[in-house]
Amino acid sequence: MMKFNCSKTFFIISILFIYACQDNTQIDKPLYKDPILKYTIFQSDLDKYISYRNITDTTGKTKEYLQLLKGVVLRLKNTTAAMTYEKAVNDAEDFLRRKNMINKVLVVKNERKMYLLKDKKIIKTYPISLGPNPIGQKEYEGDGKTPEGTYTLDWQKWNSSTLHSFHISYPNKLDSIRAKMKNLQVGSNIMVHGTSMGAKKKKDWTNGCIALSNNDMNEFMHMVFQDTQIEIRK
């Protein structure tokens, strides 16, 4: 008769249990960890979304899905119980769709036009107003000119007196050098903003900023996102 070795059997079962746990951990592996907001996206989150949308071909799209899932996870994490998975996905997809509509803002001063571009294709065109002395490169604080060059919309002012404002990253290094060589104060706080004070009688009324109508600004702020490049031409 074969003897039953309890110690050996227990040892084998323990090993199998440990491997099983390791396998489960590997299956639901973390794909992204946010060190600031303290959340993690797991393989199971990706699998759930792929199943929810009945996606069959995921080739080369993992990075895109991770961008989307960041929005989904944060919405579920930071909102009320009324936020369903369906709404979180729909909102995140809409946000990502709008964020990918525009990747450059082009301003042509002599045309008084702003163009919203996606890979050089014009998506939208707006009329604009500039400062009272718009011709030529901005040289110093108070000259009434709008700068020319390539910048970034680097932050926003939500409580702006002109509806909403996107700050333009003027001055850049070249702007600062140019002003310093002429012993001038380079200036700052150049914005793209709306017109909350009402319609202006003058064609160019800003202090060097780029102004849109409020209707256009409302549309602009839903299509253009912070850190978008802006090029300003003469």
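Reader: Let's start with Tyr170: buried or exposed?

Author: This is a predicted model, and the general idea is to compare relative accessibility with a cut-off, where under 20% is buried. Tyr170 comes out at 3%, so it counts as buried.

Reader: OK, on to rings. How many aromatic pairs does a search of the whole structure find?

Author: Six. To read one, check the distance between ring centres, then the angle between planes, with over 60 degrees counting as edge-to-face. Take Phe95 and Phe225: their centres are 5.0 Å apart and their planes sit at 85°, so this pair is edge-to-face.

Reader: Which parts of the chain does that pair link?

Author: Distant ones: Phe95 belongs to helix α4 (residues 85-99), while Phe225 is in the loop between α6 (214-223) and β10 (229-233), 130 residues apart. As for accessibility, Phe95 is partly exposed at 31%, and Phe225 is buried at 14%.

Reader: And what about the rings of Tyr151 and Tyr170?

Author: With centres 6.1 Å apart and planes at 70°, they make an edge-to-face pair. Here too distant parts of the chain are linked, 19 residues apart: Tyr151 lies in strand β6 (residues 149-157), and Tyr170 in the loop between β7 (165-168) and α5 (173-181). Tyr151 is buried, its relative accessible area being 3%.

Reader: Now charges. Which ring does the charged end of Lys48 sit over?

Author: For these, look for a charge within 6 Å of the ring centre. Lys48 has its charged end over the ring of Tyr85, 4.1 Å from the centre. Another case is Lys70, which lies over the face of Tyr32 at 4.3 Å from the ring centre.

Terms used. Residues are numbered from 1 along each chain as its sequence is written. This is a predicted model: local features need pLDDT of at least 70, side-chain atom pairs count only at pLDDT 80 or more; totals for chains, interfaces and linings use all residues. Side-chain values use heavy atoms; hydrogens and water are left out. Rings of Phe, Tyr and Trp (its six-membered ring) pair if their centres lie within 6.5 Å; planes under 30 degrees apart count as stacked, over 60 as edge-to-face and the rest as tilted. Helices (H or I, at least four residues) and strands (E, at least two) are DSSP runs, numbered from the N terminus. Buried means under 20% relative accessible area, exposed over 50%, partly exposed in between (1.4 Å probe, protein chains only). A charge sits over a ring if NZ of Lys or CZ of Arg is within 6 Å of the ring centre and within 35 degrees of the ring normal.
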